[in-house]
Amino acid sequence: MGIHGLAKLIADQAPGAIKEQDIKSYFGRKIAIDASMCIYQFLIAYFNPYYMWLNEWHYGIKPVYVFDGKPPQLKSGELEKRGERRAEAEKLLAKAQEAGEQENIDKFSKRLVKVTKQHNDECKKLLTLMGVPYIEAPCEAEASCAALVKGGKVFATATEDMDGLTFGTNVLLRHLTASEAKKLPIQEFSFNRLLQDIGLTNEQFVDLCILLGCDYCGTIKGIGPKRAIDLIKQHGSIEEILDNLDPKKHPPPEDWLFKEARRLFLAPDVVDCATVDLKWNEPSEDDLIQFMCTEKQFSEDRIRNGCKKMSKSRQGSTQGRLDSFFSVTGSLSSKRKVPDAKGSAKKKQKTGATPGKFKKGK
């Protein structure tokens, strides 16, 4: 679920903390990716992860996939709600199938998609054969992704859930794994910039996220995003907010565990970065053929061509960073990519007159 309404709130309150990027901008970057979220996207879109991960190699990205560990006890309530929603979706799917309503069949079928242990195990095997490192987090994957970023092991966390920021990742990327397939720009969020622009400390930001709604506890009735940020700026903490709110108008949840949720965000159980040694290896072509073709019935030509692309990407020369060409935008649109400019616009690109474009290094 992540944090309710956080992306829009950042776009409204701190637009300078968001950049819309092309996947080429991350050439040479090491990026920690929330594996469960990524696999879920593959399942609902019917993509095979091999071809999606191959795309990251094609653009020179060095991914490390982080798998969820045991969920924290605080998440049990949210997991129970998800189970109830799945049960309701099953009933609605049965009705749609009986009525022959294909659109609703597709909609409710997607709501029943769940990442299983078998999905995780097969993806771990595939990553090993591709030479891509992965990490098994002790608890929430996003928390360990954030730890890897803060520990200097990787550049950013890639996930669709905004709670990566609540766990303190310096840079969060959305749409990375689906950027090319859906023709969407990648949204890059800067944690330090959003704290600066909104005017909050890390601890106050965590309290704001709890007020907005997270996976670990409920929220105060009648407090929306605009009121939540105003209250945090005015009072500085949830304790002070509770002391100054009318409990009859805005009752907090009974036995509200906001302190426990705060501790989970500020001091989560994460991978020990000192023991992490990330290595990207050559793909094991013969073993990939056995797994993907013999066991999974994929085209051998496509797998062999993919192996060649991975090897070529690893052997490619280092290209200069493109940070100076980045453009800032507070837009959270899902606009599709616009084709390259023609005519005079192309001439400007060649001379470097148009910001946001780049030429390949010599």
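These are my notebook entries on a few things I looked up in this structure.

**Overview**

I started with a reminder to myself that this is a predicted model. I counted 17 helices and 7 strands in the protein. Of its 362 residues, 45% are buried. I then looked at contacts with a separation of 6 or more, and 73% of them join residues 24 or more positions apart. The exposed surface comes to about 19100 Å², with carbon and sulfur atoms supplying 49% of it.

**Helix 3 against helix 6**

Next I turned to a helix pair. Two packed helices are described by the angle between their axes and the distance between the axes, so I looked up both values. For helix 3 (residues 49-58) and helix 6 (residues 117-130), the axes come within 11 Å and cross at roughly 40°. That angle makes helix 3 oblique to helix 6. I also noted the hand: helix 3 passes helix 6 in a right-handed crossing.

Which residues make the contact? From helix 3 I listed P49, Y50, W53, L54 and W57; from helix 6, C123, L126, L127 and M130. I sorted the residues of this contact by type and got 9 nonpolar, no polar and no charged.

**Helix 11**

How many of the 11 residues of helix 11 are buried? I found 9, so this helix (residues 202-212) is largely enclosed by the rest of the structure. The buried ones run Q204, F205, V206, D207, L208, C209, I210, L211 and L212.

I then checked what lies over them. The cover includes helix 1 (6-13), helix 8 (163-166) and helix 10 (191-198), and also helix 12 (225-235), helix 13 (238-244) and helix 14 (258-266). After helix 11 comes G213, with a positive phi near 125°.

H175 has a phi of about 75° and sits in the loop between strand 6 (171-174) and helix 9 (179-182). D255 has a phi near 50° and lies in the loop between helix 13 and helix 14.

Buried or exposed, I asked of H175? Its relative accessibility is 15%, so H175 counts as buried. For D255 the value is 67%, so D255 counts as exposed.

Terms used: Residues numbered from 1 in each chain as written. Predicted model: local features only at pLDDT ≥ 70, side-chain atom pairs only at ≥ 80, totals over all residues. Heavy atoms only, no water. Axes fitted to C-alpha atoms, helices over the stretch in contact; angles between N-to-C directions. Helix = DSSP H or I, 4+ residues; strand = E, 2+ residues; numbered from the N terminus. Parallel < 35°, antiparallel > 145°, perpendicular 65-115°, else oblique. Left-handed = near helix turned anticlockwise from the far one by under 90°. Contact = heavy atoms within 4.5 Å. Nonpolar A, V, L, I, M, F, W, Y, C, P; charged D, E, K, R; others polar. Buried < 20%, exposed > 50% of the residue type's maximum accessible area, 1.4 Å probe, protein only. Areas by Shrake-Rupley, 256 points an atom, 1.4 Å probe, with all protein chains shown as cover.
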